[in-house]
Amino acid sequence: MNDTTHMGTPLVCFSHGKESGPWGIKIRQLAAIARLAGFEVESIDYRGLDDPDVRVEKLLEQRSTEDDALLVLAGSSMGGYVAAVAAETLKPAGLFLMAPAIAIPGFGRNQDPVPAAGQTAIIHGWHDEIIPPALIIDYAGRHALPLHLLDDSHRLVTVLPAVEQQFALFLQNILRRDKQR
């Protein structure tokens, strides 16, 4: 199910959370939206890697700064941490974070990753039982990032249609910005 990417083709690279796999429901749904928008998609398999910084290294090994004309990193939970930290090196066109495991004391080497992307968006649940919304509100405030707080828990499955809508708009904006260059 992992698509091959072509030089210069827009790409969305997904990073899954600790308890899920590379093609969980959220990623499958968002991958379909990305394909409709003209993006290739890939989802890295991090199963068996519990250290978030080892996952970052794996992402950086798979993607280099010259690989793609237009790169979007999308991550959920621990995958959000991975995408945000990797963005500091890869400087993607877009960074889409869902319930990201960032700003958590003691989690990962980089607890305040600089969102080094052309465009960033964060989706988080008001009732997230794993990553308190207050941490993400503070993080988004420090970096002046768009933050969408939705009436859901950590998994964001009940509000998946709203997440899908935000992702579609996010990708449209990235393509529009790219065409204006």
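1. Let's begin with a group of rings: Phe-14, Phe-96, Phe-167 and Phe-170 come together as one aromatic cluster. Please keep in mind as you read that this is a predicted model.

2. How many aromatic pairs does the structure hold? There are four. One to look at is Phe-96 with Phe-170: the ring centres are 5.2 Å apart and the planes meet at 55 degrees, so this pair is tilted. Planes have to be over 60 degrees apart to count as edge-to-face and under 30 to count as stacked, which is why 55 degrees falls in the tilted class. Phe-96 belongs to strand 4 and Phe-170 to helix 5 (residues 160–179), so the pair ties together parts that lie 74 residues apart in sequence.

3. Are the two partners buried or exposed? Phe-96 is buried, at a relative accessible area of 0%. Phe-170 also counts as buried, because its relative accessibility of 3% is under the 20% cut-off.

4. Strand 4 covers residues 94–98, and five of its five residues are buried. In a regular strand, side chains alternate between the two faces of the sheet. Here, Gly-94, Phe-96 and Met-98 are on one side, while Leu-95 and Leu-97 are on the other. Both faces of strand 4 are covered.

5. Which strands pair with strand 4? Strand 3 (residues 71–76) runs parallel to strand 4 and is joined to it by five bridges. Within this pairing, Leu-73 has Leu-95 as its bridge partner. Strand 5 (residues 119–125) is also paired with strand 4 in the parallel sense, again over five bridges. There, Met-98 is partnered by Ile-123.

6. What does Ser-77 touch, leaving aside its neighbours within four places in sequence? Its contacts are Gly-17, Met-98, Ala-99, Pro-100, Ala-101, Ile-131 and His-154.

Terms used. Residues are numbered from 1 along each chain as its sequence is written. This is a predicted model: local features need pLDDT of at least 70, side-chain atom pairs count only at pLDDT 80 or more; totals for chains, interfaces and linings use all residues. Side-chain values use heavy atoms; hydrogens and water are left out. Buried means under 20% relative accessible area, exposed over 50%, partly exposed in between (1.4 Å probe, protein chains only). Helices (H or I, at least four residues) and strands (E, at least two) are DSSP runs, numbered from the N terminus. Two strands pair if DSSP finds at least two bridges between them. Contact means heavy atoms within 4.5 Å. Rings of Phe, Tyr and Trp (its six-membered ring) pair if their centres lie within 6.5 Å; planes under 30 degrees apart count as stacked, over 60 as edge-to-face and the rest as tilted.
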